[in-house]
Amino acid sequence: MQRDIRVTRSPAERFASFCATVVRYLPLGLNTLVPPSFVGFALINGFTFAVDLVLLTLGHGVAGLPLPAAITIAYVCAFALSFVLNRVFNFRSHAPVGRQAVLYAVAVAVNYFAFILGAGAGLAALGLEYHLARILAGACEAVFLYSVLRWIVFAERGRE
């Protein structure tokens with residue numbers, strides 16, 4: 001009698017496998033340069049960026065909140081979601097959450113003042129439509145935040 005043995009993978013393992021598969025098919029030698037965690041970051045933060053824009057539109061465009069308040073509320077909600085999704089699915093961290101949350105909060109604060117309010121609100125104040133200003137600021141913050149998440153917040157301590 002033969003048994004059907006199936007290995008059940010967690011959603012986080014399936015996500016990591018999907019990201020690794022995407023990297024394998026990248027053209028022009030990018031598959032040797034791009035880590036799967038970058039693909040995961042792009043997917044997760046693309047989703048949370050969409051959440052950010054929806055909340056920004058609801059806050060400023062629908063509810064009539066002042067732009068800085070709408071940007072702040074949308075930003076905090078989207079980045080709380082980003083932290084959880086990146087911790088669980090992308091970096092699959094099991095380290096104590098407290099230290100990571102503090103490091104993440106510092107990174108988010110720096111990101112907020114430099115890119116969101118600095119670049120985003122600054123470009124909007126210069127006359128650029130606020131959605132486009134937010135998208136341009138988002139491109140800058142993506143590079144910064146991936147680097148911080150990978151090498152500081154979710155870095156495996158003691159790894160060389």
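This is a predicted model: local features need pLDDT of at least 70, side-chain atom pairs count only at pLDDT 80 or more; totals for chains, interfaces and linings use all residues.

Q: How much of the chain is buried?
A: Of the 160 residues, 34% are buried. As for contacts, among those with a separation of 6 or more, 66% are between residues 24 or more positions apart.

Q: Which residues does the UniProt record annotate as transmembrane region?
A: The unreviewed UniProt entry gives residues 69-89, 101-126 and 132-153 as "transmembrane region". An annotation of this kind may be inferred rather than shown by experiment. In the model, residues 69-89 are 100% helix and 0% strand, with end C-alpha atoms 30 Å apart. Residues 132-153 are also 100% helix and 0% strand, and the end C-alpha atoms of that span lie 29 Å apart.

Q: What does the record's domain annotation cover?
A: The unreviewed UniProt entry places "domain: GtrA/DPMS transmembrane" on residues 41-154. Over residues 41-154 the model is 87% helix and 0% strand. The end C-alpha atoms of this stretch are 12 Å apart.

Q: How is a pair of packed helices described?
A: Two numbers are used: the angle between the axes and the distance between the axes. Take α3 and helix α4 (residues 97-125): their axes come within 10 Å and cross at roughly 145°. This crossing is right-handed. On the α3 side the contact includes L67, P68, I71, Y75 and F79, and on the α4 side it includes V97, Y104, V108, Y112 and I116. By class, the residues in this contact divide into 14 nonpolar, 4 polar and 1 charged.

Q: At what angle do the axes of α2 and α5 cross?
A: The axes of α2 and α5 cross at roughly 145° and come within 10 Å. Here α2 passes α5 in a right-handed crossing. Among the contact residues are F38, F41, D52 and H60 of α2, with H131, R134, Y146 and R150 of α5. The contact of α2 with α5 holds 11 nonpolar, 6 polar and 3 charged residues.

Q: How do helix α3 and helix α5 cross?
A: For helix α3 (residues 67-90) and helix α5 (residues 130-153), the axes come within 13 Å and cross at roughly 35°. The crossing of α3 and α5 is right-handed. From α3 the contact is made by L67, Y75, F79, F83 and N86; from α5, by Y130, R134, E141, L145, L149 and V153. These residues comprise 8 nonpolar, 1 polar and 2 charged.

Q: Is N45 buried or exposed?
A: The cut-off for buried is under 20% relative accessible area. N45 has 12% relative accessibility, so N45 counts as buried. N45 sits in helix α2 (residues 36-62). Apart from neighbours within four places in sequence, N45 contacts F79, S82 and N86. With N86 there is a polar contact of 2.9 Å between the two side chains.

Q: How does L132 compare with the cut-offs?
A: Exposed means over 50%, and partly exposed lies between that and the buried cut-off. L132, in helix α5, has 40% relative accessibility and therefore counts as partly exposed. The C-alpha atoms of L132 and G120 are separated by 8.5 Å, and these residues are 12 apart along the chain.

Q: What should I look for in phi angles?
A: Most residues other than glycine have a negative phi. L28 has a positive value, near 60°. The loop between α1 (11-24) and α2 holds L28, and with a relative accessible area of 84% this residue is exposed.

Q: Where does R92 lie?
A: R92 lies in the loop between α3 and α4. Phi of R92 is also positive, near 45°. With a relative accessible area of 40%, R92 is partly exposed.

Conventions
Residues are numbered from 1 along each chain as its sequence is written. Side-chain values use heavy atoms; hydrogens and water are left out. Axes are lines fitted to C-alpha atoms, for helices over the stretch in contact, and angles run from 0 to 180 degrees between N-to-C directions. Helices (H or I, at least four residues) and strands (E, at least two) are DSSP runs, numbered from the N terminus. A crossing is left-handed if the near helix is turned anticlockwise from the far one by less than a right angle, and right-handed if clockwise. Contact means heavy atoms within 4.5 Å. Ala, Val, Leu, Ile, Met, Phe, Trp, Tyr, Cys and Pro count as nonpolar, Asp, Glu, Lys and Arg as charged, and the others, Gly among them, as polar. Buried means under 20% relative accessible area, exposed over 50%, partly exposed in between (1.4 Å probe, protein chains only). A polar contact is a pair of N or O atoms within 3.5 Å; within protein, one must be able to donate a hydrogen and the other to accept it, and residues adjacent in sequence count only if both atoms are side-chain atoms.
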